[in-house]
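Dear colleague,

I am handing over the structure we spoke about, and I would be grateful if you could look it over alongside the notes below.

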Amino acid sequence: MLFALATRDNRGRRLDPTAVRQSVEVLAKQQVSSIAAFSLGALPRRATANVDALLREMFRVVGAAFDRFRRVDPASRPTLDLADLGARGKRGKPTARPGDLDISMIRQGWLREILVAWISETKPTTTEVRRAHKAMQTAAQALDARPGGGLDVAALGFADMTAVVAGFEHLVKADGQDMGFKHKSNLLTMWFKVLEWGRLTERLNGMSATFVRHPSHVIKQPEPNEDEIGKAIPDSVIAQLNDHIALLGDGVSHGRLSKEQVHAMSVAIYELLRDTGRRPYEIAQLEADCLEKDGEGWLLRWDNGKGLRNGRRLPIPAETVTTVHSWQAVRATIDLPTGSEGFLFPPAGEFGQVRHLESDHISPIIRAFADAVPQLLAEEFGPDGRRLPFDRSLIFPYAFRHTYCQRHADAGVPIDVLRELMDHRSMQTTARYFTVPLKRKREAVQMVSRHSFDRTGRARPACSGLAYEARSVAVPFGLCEEPSNVRAGGKACVIRFQCAACKFFTPDPSHLPAVDEQIAAMRADRDTAIAWEVDEFVIRNFDANIEAMEKIAGIARAKLEALPADERAELLEATEVLRIVRAKHARAATEGGVTDLGMPRFPGRPRQESA
C-alpha cells in the first residue's frame with residue numbers, strides 16, 4: 001500500500017487521508033495479506049466512490065510493478081495500462097487513468113511490441129495513443145488478409161503496404177457509415193509515424209526495405225457532394241430549440257453546482273454558441289470579463305487558439321449580453337474551484353487541475369438539451385404532407401458555428417466581411433458557406449422557372465428546372481437562350497448589354513434586383529456621356545436601353561404583385577437562393593478576371609453583379 005501511495009504521490013495526484021484510512025479498514029477486515037496475490041473482485045462493495053477508486057488504483061499499480069519485476073512483456077498481455085506505460089493526459093501530466101487498451105486483436109507480435117515501445121518511450125498523450133492504437137488495429141486487420149498474415153517482418157513488401165493503405169481507405173465508423181476523409185488521413189499519418197519511429201530506433205532492422213510509404217499511398221479526397229454540403233442547423237430548428245430553453249441543463253451535473261446554477265450556465269453557453277459562432281473550446285475558455293462596451297453596442301473578447309490569434313473582438317447581440325450578465329450574477333454566488341476565478345465558466349473538477357470549463361463538457365449539455373426537446377421538425381415534408389422529424393444527431397456544439405456563418409451568408413453579408421467575423425485566414429474557407437446545397441438549388445430553379453417571360457411580358461415557363469438551366473446561359477440580368485451564345489457560354493453575343501431588345505432574352509422575377517442595378521448603372525453612364533458631350537445617337541441609345549429595361553422591371557413587379565401571398569413568399573425565398581448561387585459564380589468570374597459575359601474587367605469600373 002505504501003508503494004501504491006508513493007506512486008500516486010509521485011504522479012502529483014491528490015491523497016485523501018479519509019479514503020486511505022477506509023481502504024486500510026477494508027483490506028484489514030478481509031484479512032488481505034498480499035495485494036498482488038488477492039483478487040480485487042473478491043472484495044465486498046466499498047462504501048464510497050473515492051475508496052473504490054483508490055483500491056482499484058492500488059491493485060493496478062502493485063500488479064503492474066510485479067509484472068515488471070518478473071519481466072512480463074506488456075505486449076504479451078491482452079490489454080495495455082496507459083498509466084503504467086507513462087502516457088500523458090491533455091494537460092501534459094502523466095495520466096492517472098489505466099485506459100485498459102485492448103490489443104488482443106493485433107496478432108502480429110512486432111506490431112504490438114512497437115506500439116508498446118513507442119508509448120513507453122515517447123510518452124504521447126492518451127489521445128495520440130488511442131489514434132495509434134486504432135491505426136495499428138487497422139494495419140493488423142489488413143495484414144491478416146495477406147499471405148503469411150504479416151507475421152514475418154522480413155517478408156513484407158510493397159504490395160503489403162498497399163493493402164494496409166487500402167484498409168485505411170475503407171474504414172467505417174461504429175454505425176457502419178463511411179469514416180471522414182480527415183479522420184482516415186490522420187490515422188494513416190499516425191501509422192507511418194509509429195512505423196518510422198520503429199525504423200529510426202532500430203527496432204525494425206529486420207523489416208524489408210520495400211515495406212515503406214510510396215507517394216501513391218494516400219487517402220483519396222472524395223468529391224464534394226452538393227446534397228450534403230454544410231452542417232448548419234436550419235433556422236427553423238433553432239427557433240424550436242429557442243422555445244424550449246427552459247430545458248437547458250436538465251439532467252446535467254457539473255461539480256458542486258446546483259440545478260439552477262447549471263441551468264444558468266447552460267443557457268449562457270447555448271446562446272454564446274448560437275449568436276457568436278465561436279468554436280466550443282473558445283467559448284469554454286472565455287475570460288470572466290470577456291464583454292466590452294463599444295459605443296451603444298457590445299463586443300466579445302475571445303482567443304483564437306487554432307489560428308494563434310488572441311484578444312479578438314466580435315460584435316455580440318444585446319440579448320446575449322443580458323444572458324451573460326445573468327450568468328455572471330449567478331457565478332458570483334458560487335465557490336469557484338482554485339485557479340478558475342479569471343474564467344467565465346468554471347470546470348467540473350474541484351482541485352484546480354483544470355482552470356476552466358472544457359469543451360468536452362459542452363457536448364453533453366447540448367446533447368441532453370436536444371434530446372429533451374419533445375418535438376423537433378425538419379424543413380422537409382413526408383408523403384403525407386407533414387413535416388418530417390429532424391435528425392437530432394445533427395445538433396452538436398460545432399454545428400452552431402456552421403449555422404452562424406451560413407445565416408450571415410444567406411443574409412447577403414459580403415464574403416470579406418464574413419471572413420472577418422469568422423476570423424478565417426483563407427477566403428476559400430469562408431466561401432464554402434456560400435454554396436447552396438444541390439437539392440435546395442433545384443427546388444429554387446423549379447419554382448423560378450415557372451415565372452419566366454420574354455421581353456414583351458409573355459409567359460415562357462420552362463417545362464422543368466433542368467430545361468431552364470440547360471437551354472440558357474446566365475447574363476447579368478436574366479437568361480439568354482440564343483443557341484450559339486449558349487454553346488459559347490455567353491461569350492458569342494453580338495449585341496452585348498442590350499438584352500432587352502433581343503427575343504432570346506428570358507428574365508424572371510428573381511432577376512429584378514439585377515435589372516434595377518443595370519438601370520441605375522446605365523443612368524450613371526448616360527450622365528457621364530452627356531458630360532463628355534458625345535454625339536446625340538449615343539444618348540438616344542442609352543435612353544432606349546433604359547426604357548426597355550424599365551419595361552422589363554415593371555413586368556417583373558407586376559407579376560410578383562399578381563401572385564397570391566403564399567406563392568409570392570415562396571418565389572421570393574427561391575429568388576434569395578438563386579441570388580446566393582449567382583453571387584458565388586460572379587465572385588469566381590471576378591477572381592478569373594472576366595465578367596459573366598466573358599469580357600475582361602476594366603480597372604476602376606465597378607462590376608455589375610446580380611447580387
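Predicted model: local features only at pLDDT ≥ 70, side-chain atom pairs only at ≥ 80, totals over all residues.

Residues are numbered from 1 along each chain as its sequence is written, and side-chain values use heavy atoms, with hydrogens and water left out.

The protein chain has 22 helices and 10 strands, where helices (H or I, at least four residues) and strands (E, at least two) are DSSP runs numbered from the N terminus. Of its 611 residues, 43% are buried, a term that stands for under 20% relative accessible area, with exposed over 50% and partly exposed in between (1.4 Å probe, protein chains only). Among the contacts with a separation of 6 or more, 61% join residues 24 or more positions apart; a contact means heavy atoms within 4.5 Å. The chain exposes about 32,500 Å², of which carbon and sulfur atoms supply 53%, the areas coming from the Shrake-Rupley method with a 1.4 Å probe and, for residues, with only the protein chains shown counting as cover.

Helix α6 (residues 126–144) has 19 residues and spans 26 Å from its first C-alpha to its last, close to the 27 Å expected at 1.5 Å a residue, the expected span being 1.5 Å times one less than the number of residues. Its buried residues include Thr126, Val129, His133, Met136, Gln137 and Leu143, and what covers the buried residues of α6 includes α4 (82–85), β2 (101–102), α5 (109–122), α7 (158–169) and α8 (181–200).

Turning to the sheet, 3 strands form an open, antiparallel arrangement in the order β3-β4-β5, in which β3 (291–294) and β5 (309–316) are the edge strands, each pairing on one side only. The twist averages 35° from one strand to the next, with axes taken as lines fitted to C-alpha atoms (for helices over the stretch in contact) and angles running from 0 to 180 degrees between N-to-C directions. Two strands pair if DSSP finds at least two bridges between them; β3 and β4 pair over 4 bridges, and β4 (residues 297–304) and β5 over 6 bridges. Leu299 in β4 is the bridge partner of Glu292 and stands opposite Pro315 in β5, whereas Trp302 has Arg312 of β5 as its bridge partner. The hairpin of β3 and β4 has 2 residues between the strands, and Gly295 there takes a positive phi near 65°; the hairpin of β4 and β5 has 4 residues between them, with Leu308 in the turn at a positive phi of about 55°.

Finally, a search of the whole structure finds 4 aromatic pairs, where rings of Phe, Tyr and Trp (its six-membered ring) pair if their centres lie within 6.5 Å, and planes under 30 degrees apart count as stacked, over 60 as edge-to-face and the rest as tilted. Trp191 and Phe211 form an edge-to-face pair, 6.4 Å centre to centre with 80° between the planes; Trp191 lies in helix α8 and Phe211 in the loop between α8 and α9 (235–242), 20 residues apart, and both are buried. The ring centres of Tyr270 and Phe400 are 5.7 Å apart and their planes stand at 90°, so this pair is edge-to-face. It links helix α10 (residues 259–276), which holds Tyr270, to helix α14 (residues 399–410), which holds Phe400, across 130 residues. Tyr270 and Phe400 are both buried, and together with Phe369 they form one aromatic cluster.
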